[in-house]
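Q: I have just opened this one and would like a walk through it. Could you start with the overall picture and then go into the details?

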Amino acid sequence: MKRRPFLVGATVVAGGVGAAFTAVPFIASWLPSARARAAGAPVEVDVDKLEPGQQLTVEWRGKPVWVLRRTPSILERLATLTDSGRLRDPLAEVATQQPAYITGPLRSLEEEYLVVVAICTHLGCVPLFRPEPGSVGDDWPGGYFCPCHGSRFDFAGRVFKAVPAPINLEVPPYRFLSDHQIEIGVAPKPTTS
């Protein structure tokens, strides 16, 4: 008689262990894969060694993103362009092209750094970095030039008039983690007063 309760208990324990081994992979299959997590994960960028006038490209959500460290000369040219009548949306008023916390013509959290998705808003090409004034024509102030169809953007990602691209380059959500560390894909935490 003592043998039967032991066999029942052993069978219940073995069945429970088997159910657990079966359930764990099944439940884990509901979780996103490492590739899916990486595709939407924030990206940290160290800009400590980025010299003024240089830019770097990182990948976020499968898209190239530029981080440009603007020089005082670039900032002066941007100020001149804002009131020139040459830009389609000089004050960046198309709300879908930048997060709500990015305001003003520089389209950035800090004037020294530009962060934009490096995809032309016309047909999705990747524009070229052409910082030298005059390198794309006599009236070229420097910026981004898409050779596929001739779209042009300044160093705030604002589109020029009379080009195929209809709107400015997109500014992704981002925040500064420190003076030299940017996190792309996460908005800044709201400040409390």
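A: The accessible surface of the chain comes to about 11200 Å², and 60% of that belongs to carbon and sulfur atoms; accessible areas come from the Shrake-Rupley method with a 1.4 Å probe, and for residues only the protein chains shown count as cover. This is a predicted model, in which local features need pLDDT of at least 70 and side-chain atom pairs count only at pLDDT 80 or more, while totals for chains, interfaces and linings use all residues. Residues are numbered from 1 along each chain as its sequence is written, and side-chain values use heavy atoms, with hydrogens and water left out.

Q: How many helices and strands does the chain have?

A: The chain has 3 helices and 9 strands, where helices (H or I, at least four residues) and strands (E, at least two) are DSSP runs numbered from the N terminus. Along the sequence they follow the pattern α-α-β-β-β-α-β-β-β-β-β-β.

Q: And what share of the residues is buried?

A: Of the 193 residues in the chain, 34% are buried, with buried meaning under 20% relative accessible area, exposed over 50%, and partly exposed in between (1.4 Å probe, protein chains only).

Q: Which residues touch the most other members of the largest nonpolar core?

A: They are Val45, Val67, Tyr144, Tyr174, Ile182 and Ile184, in a core of 36 residues; a nonpolar core is a set of buried Ala, Val, Leu, Ile, Met, Phe, Trp, Tyr and Cys residues joined through side-chain atoms within 4.5 Å. Among the elements that give two or more residues to this core are β1 (43-46), α3 (72-82) and β9 (181-184), and β4 gives the most, with 5 residues.

Q: What is valine 67 in contact with?

A: Leaving aside neighbours within four places in sequence, the contacts of valine 67 (heavy atoms within 4.5 Å) include Val45, Leu56, Tyr113, Val115, Ile182 and Ile184.

Q: Is β3 enclosed or open, and why?

A: β3 is largely enclosed by the rest of the structure, because 5 of its 7 residues are buried. β3 runs antiparallel to β2, with 6 bridges joining the two, and β3 is also antiparallel to β4, with 5 bridges; two strands count as paired if DSSP finds at least two bridges between them.

Q: What about the hairpin of β2 and β3, how many residues are between the strands?

A: There are 2 residues between the strands. Arginine 61 lies in that loop and has a positive phi of about 55° although it is not a glycine. Most residues other than glycine have a negative phi. Arginine 61 is partly exposed, at a relative accessible area of 48%.

Q: Where is alanine 162 found?

A: Alanine 162 is found in the loop between β7 (151-153) and β8, and its phi, near 60°, is positive in a residue other than glycine. At 79% relative accessibility, alanine 162 counts as exposed.

Q: Changing topic, how are β8 and β9 paired?

A: β8 and β9 pair in the antiparallel sense over 4 bridges, and a hairpin joins them through 2 residues. Arginine 175 stands opposite glutamate 183 in β9.
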